[in-house]
4 protein chains.
Amino acid sequence: MCGIFGVYGSKDAALLTHLGLYALQHRGEESAGIIAYDSKKIRQCQGMGLVNDLFDQKSLKSLRGNVALGHVRYSTTGSSSIENIQPFLAKHKGGHIAIAHNGNLTNALKLRREMEKEGSIFQTTMDSEIIVHLLARSSGRDCKKTTLLATLQRLEGAYSLVMMVDGMLIGARDPYGFRPLCIGRLGQAYVLASETCALDLIHAKYIRDIEPGEIVFIDKDGLRRANLPKKDKRAFCIFEHIYFARPDSSVFEKNVYMIRKQLGRQLAKEAPADCDIVMPIPDSGNSAALGFAEESKIPFEVGMIRNHYVGRTFIQPSQHIRDFKVKVKLNPIREVLKGKRVLIVEDSIVRGTTSRSRVKTLREAGAKEIHMRVSCPPIISPCYYGIDFPTTKELIAPKKTIRQIRDFIGLNSLKYLSLDGMLKAIGSPKREFCTACFSGVYPTKPPKRLSKDILEKEN
Amino acid sequence: MCGIFGVYGSKDAALLTHLGLYALQHRGEESAGIIAYDSKKIRQCQGMGLVNDLFDQKSLKSLRGNVALGHVRYSTTGSSSIENIQPFLAKHKGGHIAIAHNGNLTNALKLRREMEKEGSIFQTTMDSEIIVHLLARSSGRDCKKTTLLATLQRLEGAYSLVMMVDGMLIGARDPYGFRPLCIGRLGQAYVLASETCALDLIHAKYIRDIEPGEIVFIDKDGLRRANLPKKDKRAFCIFEHIYFARPDSSVFEKNVYMIRKQLGRQLAKEAPADCDIVMPIPDSGNSAALGFAEESKIPFEVGMIRNHYVGRTFIQPSQHIRDFKVKVKLNPIREVLKGKRVLIVEDSIVRGTTSRSRVKTLREAGAKEIHMRVSCPPIISPCYYGIDFPTTKELIAPKKTIRQIRDFIGLNSLKYLSLDGMLKAIGSPKREFCTACFSGVYPTKPPKRLSKDILEKEN
Amino acid sequence: MCGIFGVYGSKDAALLTHLGLYALQHRGEESAGIIAYDSKKIRQCQGMGLVNDLFDQKSLKSLRGNVALGHVRYSTTGSSSIENIQPFLAKHKGGHIAIAHNGNLTNALKLRREMEKEGSIFQTTMDSEIIVHLLARSSGRDCKKTTLLATLQRLEGAYSLVMMVDGMLIGARDPYGFRPLCIGRLGQAYVLASETCALDLIHAKYIRDIEPGEIVFIDKDGLRRANLPKKDKRAFCIFEHIYFARPDSSVFEKNVYMIRKQLGRQLAKEAPADCDIVMPIPDSGNSAALGFAEESKIPFEVGMIRNHYVGRTFIQPSQHIRDFKVKVKLNPIREVLKGKRVLIVEDSIVRGTTSRSRVKTLREAGAKEIHMRVSCPPIISPCYYGIDFPTTKELIAPKKTIRQIRDFIGLNSLKYLSLDGMLKAIGSPKREFCTACFSGVYPTKPPKRLSKDILEKEN
Amino acid sequence: MCGIFGVYGSKDAALLTHLGLYALQHRGEESAGIIAYDSKKIRQCQGMGLVNDLFDQKSLKSLRGNVALGHVRYSTTGSSSIENIQPFLAKHKGGHIAIAHNGNLTNALKLRREMEKEGSIFQTTMDSEIIVHLLARSSGRDCKKTTLLATLQRLEGAYSLVMMVDGMLIGARDPYGFRPLCIGRLGQAYVLASETCALDLIHAKYIRDIEPGEIVFIDKDGLRRANLPKKDKRAFCIFEHIYFARPDSSVFEKNVYMIRKQLGRQLAKEAPADCDIVMPIPDSGNSAALGFAEESKIPFEVGMIRNHYVGRTFIQPSQHIRDFKVKVKLNPIREVLKGKRVLIVEDSIVRGTTSRSRVKTLREAGAKEIHMRVSCPPIISPCYYGIDFPTTKELIAPKKTIRQIRDFIGLNSLKYLSLDGMLKAIGSPKREFCTACFSGVYPTKPPKRLSKDILEKEN
């Protein structure tokens, strides 16, 4: 996963991009980069780490110009390296192309092999570099509308893009609309962002989402649009609502907090429980737990306190501390839990190991019974469109029955939200959302292997 | 304010101290230090910043020994400097004295002036250095019981201390018991900590609080105790419960989260409101808001989302962003607030300026009415015992009526919890707690001026 | 100017490269990089600054493999940036090409424009990237002999190269042989280096120079060679002997210290002076001054002491210190200079401003007369082959007579070595060396403008 | 060994001190510190490392005020720690005492034990802290003349001091004058410095040395002086001239370079050799080698080139490089050495191990014979006055005959300068200089053990 952001038409372009990336930090904590454009001069600042640590007053001041774009990158095992920091920047025929990409192309390897055969050299293993090469090989000098349309039609899979070509800002979304991307305005300036929370922070006004298959070109003449050929369905990533996006954001035109509360309410209807308290696992389960508590009338309590100072890895003392990793982040409140029948609302279960540790910690703090309700169905299939799910091998749901998972985690009961219940809560027809991770039914032909894995092995 | 921690009898002493300080980080974010003792060798590691950034595997490994103590320090304006990092360490007659102090001596300046007259030189402006000088000037070589008792009897004001004298760990609390300090055990090891949350993290078992006026000596022969002359009352700092301590801690033998919920319930009884939703200001008002919502039956909602990545100061873009400081930390959820009558529960109001910005932000997000309920009485007097309240000049409550404060903050209504209601919720007789900041009635004679201010001017 | 280094066949390849670059540090202080190859894995470490500060035990250990190459880069105004650090590395058809380049191509811009037209994108403004693109566009997959020969034949200007293609180490020198490059052996390993001092440090044995127009391929089958079409003359850079190379190196098969002493002797014959002492400007003029003193029988004295701790720029106090920059580096010894007729031997004069400050400093220290002898002719033309001479505009010799230069610097007398005298001292026929900077006669057609300047403006 | 520096009366006081310390860097590379005084405010900046790396524009700007003092500290094994960085600063009776010390007290431990008995606590193991405690315990508030005289009379051993007491700058030298300290003027400002090279750099004019036993007080009323009781002899450290001071400095009123050349000439007279070339070990033997060459008429050559980029420790490759440490610093020039009878002039031999490695390196480079002449007598006794000589156990001269040393180092011949010859060359009567390290005759009663060692063990 990644977060992307762009600004056209503000003398604070880089400063605003910095704030936008800060608001999108949850979409990628591994690395970040900003590129700014100032009368044909390109300036760039990037690094491994959090937005807050990478940029300072001096570096932001140096990123002059009224066009800028930025990117935050998620840490996936193995591929975290300096050369893969985005936005990707290249020089071409006396100009520049910069690109920030969120999503995953399913034909990346095929495209790359074709171009290598013709003599292209690659610096990184990123999809965004492939897109730049395709653009550079197209005929036109200017990356105008036709060139870009032709290039994007060769791409398969998920992409939300923010690009900068010689001072023009471009936003694009694949025809299925897997990943979100929205347009905002701040005075005369245009803003593009993965989520609306980034607009909120800079007081920009949300205008609309970029539509699936839409490309917007923003320059001194304003915003123009073009469209890729239409698909007969959409494939919004439902996991954005369930887990990934910030609760104060709207994605796919709906507020995430409200959706999550609704998921919690639906869950309470489908899978009620006779308990004394409802508690979330902070902070991801907060909203659904509130919904569950409201619907079930069971009191909502804060059973665990999150430590806000969590940073680097901690050194485990030799004197064994059980479930050390949980405790460093979350401390149970004994007085709340003691002797209680506790219902935990979780947003999702991936491997189950984290839940297991937490449940142990809660039991040690005195909980009498522990029940879990999960606000989405079991995750049974990998994602090829950008969510970093482990391979099937590492997912717990494809390998165990719900009863086995319950025992693995150490629960008195465990229930999941149904696929239909989930869609009902979200209030959308099935064909608008990609639910492949829950159903195994993919909206596009999945690749045999992820190109990322192959390319990284070559590295 | 500060947090203190000590371990005796574990080969992981420094590692455990590191974790203890991490759990106590909320008590002081400015600087931290750890001192460890290993067969007559003292090793020390310290610096400005957060625990997580200051210590790493290498530095912790180097802090060998099975006795250690540590300190986190709060940032008060002007006095934040490297030389004032605690624990304070001194060499004396071939041995070492290390001391970590939480609280504020009211006769510090007088004691210091006396010793300077006799030729003592000072490195810092800290109370803990004064205590070390007093000890060094005492007759005995060993800082045994009598020496220490004599020394502590010369101190006035608030002090919870963790000390290390030639490998012995010592804990002490002033006769009024202003600041908390508790004893835990981890296997054969003893642990001293400001709050129980620090014991929880390392899986140490809470044994009891050190009593007001009690001194405990811990060495290879176990724990012995001594007592300073008794006072006729106690003066536990009520602000620990209201704001300062972590909700998962117990201080003065009561769980903070439960107390805060109770304060919220009492507040709902005393000052009900006809509203659509109850919301906290995350995270400090969470517990009281839950209590208020439960008692009032008004739905509890999360109206603002906290950004967990808050770090350094941000650079405000020239393009004016209203209430920038609020938005960087908290983003309102428009869909929750729009058209609603909102009741905010705050734990306390000091200057009122932060509340004012937040209320503005909520109004801009669409709230129809905004009411505020505060889970303590108005703060009208400065604290001489260690809470960093601004001087009377900067407090809003001594200068304005509640109606004026309401208008300053921009509220539809504002009500505070009563002093009696507060004590009732806490379930303690008045004479157990220091409520000087709410009543102006001090448990000890207050100093004319704070020695800190005088000494820092001299610097 | 730059320094290049490569190793094939040692398990310490990166460590040895690190030492090699350290020995070549005088050829480029701006940035450095090392790339190592280990069974198809490429690892890279680089940065701005000195070799000693960039690499540590941890980074060198991580650069596993028995093939490595490295580069140190000179700081030329404007182009000092992170993306221009060498060696340049690219991925191509599942393999890697790494290249370290010393010299300057005179047809770089033309080649680049051609490839951009065909869709190539560029990351940097470096010549080495152009060479990699040329190679990638060639037909063969393997960068075998024919491909490489064809590619190098398209290059014009000066290049000494160390390359690594999928684990094979390649060295090459342009047909004129502008820049040095030699071969050494360390046990079974092969070593390539700009100067022999890099071989000395690692105890490698000097074998021979790579010949002008020669390419050597080193892999598990040993060393093979190929040759570009011959040119009718050579064009060794005479400035390597006069100023650039280290005195303990041999370049173009002659020891630099001995050559410089010989230049000093020849200078004493051509331009004697009636003085009391001969002194160098440390350290560059040391060797020539010793030669001058020997020939002239005038005592050699150290009139200025060099400060070995020179680092960052110093802050000039407001209280004006005359010739501050000189004094920070060199302090005159009053007792040596007082009342003396001093003869300074300089290796070369570029702008004349530094000499001017030094002469002033010596006069203030009491020198009665100051004479200067320069161990090369006046520099009247820019260099297109890699020496970073300022443009004609900034050189003093094209604009002033020797008498005017003498007065500008503030000397009692000034004399230069003659072109013929210089060649005689070096003991080589004119057609072996490029003397364009002294004569304006270039061995190849010079470009209208340097591509570097054009490309950097575009950036 | 250490270097000390102070300025009174310049608004650039800290900047000038920074430059002064930079010029004195050779006297101590381990740590450095500067303290500045500005209308009762004291500011301090210090750290481990070189002057150039520790201070930058920002830190120097912050050190406001027109009085400043500074210190560079030598790295002696074991005691290199942050708390021992000088100048030492203490607060006392509302004022400040700062002190920078060069030398070694022989009664430090005794004084410290006395004060500890009376209740003083110590932060460091430094002599300077002892002096501050003595001052603080004296009656007067002002550290006026009488107080200071009384305090200094209690000190035994070597001390050159620069102090700052509430804005007054004080310089003092022990009655034997072991360590140098001189006075300069820069406009209206006064400057104190260990060596004159520090005056030169800032264009200050050398006025005179502070005399043995003299104290100077500098404030707004100018310079006043006082004197400790006279001793019947002086004990200038002869090692300053032989090795320690910079050649461009004058210490004890004589230029070091001239003295060293004279030592070389005397050596050539006492111990001639039939050789082809004379060479120094750069850079310490340069001056004596020039003197030897002049007197002996044997040509002076540079046989080894020093690498100016020497920094951190290097990682030795596993592929064994003989005498790696030598080669990293010094590279022999084969063309100079091959087949030659080489005479090396060394300033001194301590352990002999370094010389041994260098001689091996020279032999491998082809030298036919290698002879060594040393410009001082054999070092047979430890120094208690501040030169960091290893204990007798580690010195080579007390344990081996000259013939054995010759064989250990691997020389064809080895000769030392005689004690009388040394004093003759320096042109001073024996009773002016301390020659204890050569003769074992100490000018004052030596301590049984060095207090430093005892105190550090306690730490």
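1. Which residues does D:Ala68 touch, not counting residues up to four places away in sequence? In this predicted model, the partners of D:Ala68 are D:Gly6, D:Val7, D:Ala13, D:Ala14, D:Thr17, D:Ile34, D:Ile35, D:Ala36 and D:Leu63. D:Ala68 belongs to the largest nonpolar core, which has 313 residues. Together with C:Ala68, C:Val278 and D:Val278, D:Ala68 touches the most other members of that core. As a general point, nonpolar side chains in soluble globular proteins tend to be buried together.

2. Chain B is superposed on chain A by a rotation of 180 degrees, with 0.0 Å of shift along the axis and an RMSD of 0.0 Å. This is therefore the relation of a two-fold axis. Within chain B, the residue that comes closest to the rotation axis is B:His308, whose C-alpha lies at 3.6 Å.

3. The contact between these two chains involves 51 residues from chain B and 51 residues from chain A. On the side of chain B that touches chain A, at least two residues each come from α1 (13–23), α2 (51–54), α3 (57–62), α7 (196–201), α9 (256–270), α10 (286–296), α11 (324–329) and α12 (334–337) of chain B. By class, that side comprises 26 nonpolar, 14 polar and eleven charged residues. Because 100% of the interface residues of chain B are also interface residues in chain A, the copies meet through the same surface.

4. Chain A also meets chain C, with 18 residues of chain C in contact with 18 residues of chain A. On the side of chain C that touches chain A, the elements giving two or more residues are β5 (88–92) and α5 (127–137) of chain C. The most is given by α5(C), with four residues. The class composition of this side of chain C is six nonpolar, seven polar and five charged residues.

5. In chain D, an open sheet of six strands has the order β5-β6-β7-β8-β12-β13, with antiparallel pairing.

6. D:Met164 in β7(D) is the residue opposite D:Ala98.

7. Where does strand β2 of chain A stand, buried or exposed? Seven of the eight residues of β2 (residues 31–38) of chain A are buried. Strand β4 (residues 67–73) of chain A pairs with β2(A) in the antiparallel sense over seven bridges, and A:Val67 in β4(A) is the bridge partner of A:Tyr37. Strand β3 (residues 41–48) of chain A likewise pairs with β2(A) in the antiparallel sense, over eight bridges; here A:Ile34 stands opposite A:Cys45 in β3(A). β2(A) and β3(A) form a hairpin with two residues between them. In the turn, A:Ser39 has a positive phi of about 35 degrees.

Methods. Residues numbered from 1 in each chain as written. Chains lettered and ligands numbered in written order. Predicted model: local features only at pLDDT ≥ 70, side-chain atom pairs only at ≥ 80, totals over all residues. Least-squares fit on C-alpha atoms with pLDDT ≥ 70 in both. Contact = placed C-beta atoms within 7 Å. Nonpolar A, V, L, I, M, F, W, Y, C, P; charged D, E, K, R; others polar. Pairing = 2+ DSSP bridges. Core = buried A, V, L, I, M, F, W, Y, C linked by C-beta atoms within 7 Å. Buried ≥ 20, exposed ≤ 12 C-beta atoms within 10 Å, placed from the backbone.
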